[in-house]
Amino acid sequence: MSIKIAYLGPAGTFSEEAAECFANKASLEAELEPCATVADCAGRAEDDAVKYAVVPLENSLEGSVHATLDVLMTSLELSIQAELVLDIEHNLLCPHKEMGQISQVYSHPQALAQCRDFLRQRLPQARLVPALSTAEAAAQVAREQSGAAIASKRAAKRYGLHILAENIQDSENRTRFIVLGKETPVPALPQKASLVFSVTNAAGSLFRVLQAFADHGVNLTRIESRPARKQLGDYIFFVDLDGTPDDINVKKALRQAAKEAVVLKLLGSYPVLP
Ligand SMILES: O=C(O)C(=O)Cc1ccccc1
């Protein structure tokens with residue numbers, strides 16, 4: 001039986017590639033459903049219209065995708081089911097072949113930022129215009145027959161655009177995608193877990209939460225702060241760690257950390273897909 005997977009669309013995005021990759025690795029027969037925003041993707045999974053939502057979380061050059069952190073922070077039902085990392089190659093796509101005529105470059109804000117050096121050197125005069133996704137930018141450029149888009153080669157093919165420059169990202173460019181859903185994933189090696197917490201605004205409060213992981217020898221692989229969206233200076237913290245809450249040391253560390261934090265929520269414990 002085929003299941004549905006939502007991804008940040010339209011067709012031709014890196015999220016579509018990640019969703020295909022996840023379906024293959026998990027041997028799922030899947031129907032992929034494009035959504036306009038990360039929040040829409042998560043909403044489809046929350047409403048049970050799809051089983052999974054595949055969204056970008058973090059990029060090696062540009063850091064976190066805030067829309068995804070916001071979904072993780074607010075969603076009560078979704079947890080992280082799996083993660084996968086993709087190499088991202090960006091290209092400059094255009095309806096014509098003249099680099100000199102480009103006055104606007106459209107793309108997802110992360111893609112524009114990942115190609116900053118190229119844009120500064122080769123198109124210093126161009127206005128950079130954010131789009132909902134790289135493929136949405138390609139579709140718009142094809143529709144309007146003006147400007148250029150930063151997107152994949154598969155988007156170039158799909159929307160009938162010329163590739164004016166290949167491989168234009170600043171340096172090694174990898175993106176971590178997560179699979180959101182309502183299931184409790186079946187343990188497989190290696191495992192990671194993600195959590196979010198807040199602390200009081202007092203000396204040592206963050207230190208004491210982190211100390212819990214150090215005390216029990218749990219390796220943290222990422223820490224990220226985001227505004228708590230209450231008042232200026234209030235933050236929440238996202239942490240990833242090696243292991244699962246089934247590991248005794250992780251369990252103890254989480255119990256100790258939860259005592260020190262104001263709130264602490266587990267976002268999922270999941271396999272890292274090779
Ligand atoms: O816009 C896309 O294609 C996405 O899937 C989001 C994104 C943008 C830039 C790098 C990786 C993912």
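The legends below accompany close-up views of a predicted model of a protein chain.

**View 1. Domain 1 and domain 2 of the predicted model.** The chain is divided into three domains: domain 1 (3-87 + 174-181), domain 2 (91-165) and domain 3 (191-271). Taken over C-alpha atoms, the centres of domain 1 and domain 2 are separated by 23 Å. Contact between these two domains involves 13 residues of domain 1 and 16 residues of domain 2. On the side of domain 1 that touches domain 2, seven residues are nonpolar, five are polar and one is charged.

**View 2. Helix α2 and its surroundings.** Helix α2 spans residues 38-46, and its buried residues are V38, C41, A42, R44 and A45. Seen down the axis of α2, these buried residues fall within an arc of 155°, so they line one face of the helix. In general, an α-helix has 3.6 residues a turn, so residues three or four places apart point the same way. The elements covering the buried residues of α2 include the strands β1 (3-8), β2 (30-35), β3 (52-59) and β11 (174-181), together with helix α3 (66-74). After α2 comes D48, which has a positive phi, near 65°.

**View 3. The largest nonpolar core.** This core has 51 residues, of which C41, A53, V54, V55 and L180 touch the most other members. Both domain 1 (3-87 + 174-181) and domain 3 (191-271) give residues to the core, so it lies between them. Neighbours within four places in sequence aside, V55 is in contact with L8, S15, V38, C41, T68, F177, I178 and L180. Another core, of 26 residues, lies apart from the largest one and has L112, A131, A137 and L161 among its members.

**View 4. The loop residue Q145.** Q145 is found in the loop between α6 (134-144) and β9 (148-151). Although Q145 and P95 are 50 residues apart along the chain, their C-alpha atoms are separated by 5.6 Å.

**View 5. L220 in strand β13.** Strand β13 comprises residues 220-227 and contains L220. L220 counts as partly exposed because it has 13 C-beta neighbours inside 10 Å. Leaving aside neighbours within four places in sequence, the contacts of L220 are F213, V239, D240 and L241.

Conventions: Residues are numbered from 1 along each chain as its sequence is written. This is a predicted model: local features need pLDDT of at least 70, side-chain atom pairs count only at pLDDT 80 or more; totals for chains, interfaces and linings use all residues. Domain bounds come from an automatic or database domain assignment. Two residues are in contact if their C-beta atoms, placed from the backbone, lie within 7 Å. Ala, Val, Leu, Ile, Met, Phe, Trp, Tyr, Cys and Pro count as nonpolar, Asp, Glu, Lys and Arg as charged, and the others, Gly among them, as polar. A residue is buried if 20 or more other C-beta atoms lie within 10 Å of its own, exposed if 12 or fewer, and partly exposed in between; C-beta atoms are placed from the backbone. Helices (H or I, at least four residues) and strands (E, at least two) are DSSP runs, numbered from the N terminus. The arc is that of the directions from the helix axis to the C-beta atoms. A nonpolar core is a set of buried Ala, Val, Leu, Ile, Met, Phe, Trp, Tyr and Cys residues joined through C-beta atoms within 7 Å.
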